[in-house]
Amino acid sequence: AYPFVLRDIALWVPESISSDVILNIITQEGGELVRVKRLFDTFTKEFPEGKKTSYAFNLVFQSYEKTLSDDEVNMVMEKIQSTLTKKGFEVR
């Protein structure tokens, strides 16, 4: 009944980190407003400090109680990005 909001997030992580680790953080920090989390791109690249993997995700935000504002979704995205950054991952 209420519209959804789409956002994408992409980040570099050490090659040893799986996408499941990132999905768990997104789920935990995004809470009940993140309805769908879909990995849509993965690639690994050599850097001077070692190999890193890029993961890109589509996120679907939706409330079953009201229409979400951009500010509400942006706050959740900032929370997700902040946690990922604190873990040492590079959000791009």
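This is a predicted model: local features need pLDDT of at least 70, side-chain atom pairs count only at pLDDT 80 or more; totals for chains, interfaces and linings use all residues.

Student: In the open sheet, which strands stand at the edges?

Tutor: The sheet has 4 strands in the order β2-β3-β1-β4, with antiparallel pairing. Two of these strands have a single partner strand each, so one side of each is left without a neighbour in the sheet, and these edge strands are β2 (34-47) and β4 (90-91).

Student: Which residue in β3 is the bridge partner of Arg38?

Tutor: The strands β2 and β3 pair in the antiparallel sense, and their pairing extends over 12 bridges. Within this pairing, the residue of β3 that is the bridge partner of Arg38 is Asn58.

Student: At about what angle does α2 run to β1?

Tutor: Helix α1 (residues 19-30) packs on the sheet, where it touches β1, β2 and β3, and its direction makes about 40 degrees with that of β3. Helix α2, for its part, lies across β1, β3 and β4. Taken against β1, the angle at which α2 runs is about 10 degrees.

Student: How many residues apart in sequence are the parts that the pair of Asp70 and Arg7 ties together?

Tutor: The side chains of Asp70 and Arg7 meet in a salt bridge, with N to O at 3.5 Å. Asp70 lies in helix α2 (residues 70-86) and Arg7 in strand β1 (residues 5-14), so the separation in sequence between the parts tied together is 63 residues.

Student: Which side chain does Arg7 join through a polar contact of 3.0 Å?

Tutor: Leaving aside neighbours within four places in sequence, Arg7 is in contact with several residues, among them Phe57, Asp70, Asn74 and Met77. Of these, Asp70 is the salt-bridge partner, whereas the side chain joined to that of Arg7 by the 3.0 Å polar contact is that of Asn74.

Student: How far apart are the closest N and O atoms in the salt bridge of Lys66 with Glu72?

Tutor: The structure holds 3 salt bridges, and one of them links Lys52 with Glu49 at 3.2 Å between the closest N and O atoms. Lys66 counts as partly exposed at 38% relative accessibility, and Glu72 is partly exposed as well, with a relative accessible area of 24%. In the salt bridge between Lys66 and Glu72, the closest N and O atoms are apart by 2.3 Å.

Student: Is Gln62 buried or exposed?

Tutor: Gln62 lies in the loop between β3 (50-61) and α2, and its side chain reaches the backbone oxygen of Tyr2 at 2.5 Å. Its contacts beyond four places in sequence include Pro3, Phe4, Leu33 and Leu68. The relative accessibility of Gln62 is 16%, and with the limit for burial set at under 20%, Gln62 counts as buried.

How values were computed. Residues are numbered from 1 along each chain as its sequence is written. Side-chain values use heavy atoms; hydrogens and water are left out. A salt bridge is a side-chain nitrogen of Lys or Arg within 4 Å of a carboxyl oxygen of Asp or Glu. Helices (H or I, at least four residues) and strands (E, at least two) are DSSP runs, numbered from the N terminus. Buried means under 20% relative accessible area, exposed over 50%, partly exposed in between (1.4 Å probe, protein chains only). A polar contact is a pair of N or O atoms within 3.5 Å; within protein, one must be able to donate a hydrogen and the other to accept it, and residues adjacent in sequence count only if both atoms are side-chain atoms. Contact means heavy atoms within 4.5 Å. Two strands pair if DSSP finds at least two bridges between them. Axes are lines fitted to C-alpha atoms, for helices over the stretch in contact, and angles run from 0 to 180 degrees between N-to-C directions.
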